[in-house]
Amino acid sequence: MPADEVDAMIPRHFHQTLYHPLRPLIEQGEIDELRGLLDIGVFAPPQECPQGYKPVDLMWVYKAKKGEEDSFFAKMKARCTMMGNQEKHSIEKLAAYAPVMQQASLRVMLALYNGVAGVRFHTSDIKQAYVSTAMKRRVFVNMPPGYEVHVDKHNQLVATRLPPGQKQP
């Protein structure tokens, strides 16, 4: 099945995925994302939210990924994101700016250097690029929907899956 058709079938909200036919693939995408976030140290050990801070909720965003050889569905990707609608309004837009190359800039560079000897272009994808840099402010978040992050006996952060229907503490 083409990945675009699978994308159209994916529910938007976590609770809608619980009994979806693609739930095993969606859950694997969530686990892979959480494991990556825990490995690079995005989450600190759970703690009480101090006075004056409001925790921001997290949500899952799902995407059907294409195979390398064709446009058919290969796997499910899940991204754990903060809900931007709960962000403080006192933060200036430039303080939240994330540098990314615009498509027009790439086209200009390609047009300028097309055919110039010795000029090579390379592309790369940095996994979890937006969360791998240090934040300038403290942000408290609630647990990701359907999971609980805790410290295990080896003092490592671990994410465990909550049974369907069980609320987070």
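Let's start with one atom pair: the side chain of His20 reaches the backbone nitrogen of Leu22 at 3.0 Å. That is a polar contact, meaning a pair of N or O atoms within 3.5 Å; within protein, one must be able to donate a hydrogen and the other to accept it, and residues adjacent in sequence count only if both atoms are side-chain atoms.

Before going on, a word on the model. It is predicted, so local features need pLDDT of at least 70 and side-chain atom pairs count only at pLDDT 80 or more, while totals for chains, interfaces and linings use all residues. Residues are numbered from 1 along each chain as its sequence is written, and side-chain values use heavy atoms, with hydrogens and water left out.

Back to His20. Where is it? His20 sits in the loop between helix 2 (14–17) and helix 3 (23–39). Helices here are DSSP runs of H or I, at least four residues, and strands are runs of E, at least two, numbered from the N terminus. Is His20 buried or exposed? His20 is buried, because its relative accessible area is 15%. The cut-offs: buried is under 20% relative accessible area, exposed is over 50%, and partly exposed is in between, using a 1.4 Å probe and protein chains only.

Which residues does His20 touch? Leaving aside residues up to four places away in sequence, they are Met9, Pro11 and Ile26. Contact means heavy atoms within 4.5 Å.

Follow that to Ile26. Ile26 belongs to helix 3. Its relative accessibility is 0%, so Ile26 counts as buried. Now look along the chain to Lys63. Ile26 and Lys63 are 37 residues apart, yet their C-alpha atoms are separated by 9.1 Å.

Next, helix 3 itself. It has 17 residues and reaches 24 Å from its first C-alpha to its last, close to the 24 Å expected at 1.5 Å a residue. The expected span is 1.5 Å times one less than the number of residues. Buried residues in helix 3 include Gly29, Glu33, Leu34 and Leu37. Just after the helix, Gly41 takes a positive phi of about 80°.

Now the charges. Side chains of opposite charge can pair when their charged atoms come close. We call it a salt bridge when a side-chain nitrogen of Lys or Arg is within 4 Å of a carboxyl oxygen of Asp or Glu. How many are there by this rule? The count is five.

Take Asp7 and Lys63. Their side chains form a salt bridge at 2.6 Å, N to O. Asp7 lies in helix 1 (residues 3–9) and Lys63 in strand 1 (residues 58–66), so the pair ties together parts that are 56 residues apart in sequence. Asp7 is partly exposed at 22% relative accessibility. Lys63 is also partly exposed, at 41%.

Last stop: Arg23, in helix 3. Arg23 forms a salt bridge with Glu27 at 4.0 Å, N to O. The two are four residues apart in helix 3, so about one helical turn separates them. Glu27 is partly exposed at 25%, whereas Arg23 is buried at 6%. Arg23 also forms a salt bridge with Glu30, at 2.9 Å, N to O. Both Arg23 and Glu30 are buried. Shared partners join Arg23, Glu27 and Glu30 into one salt-bridge network.
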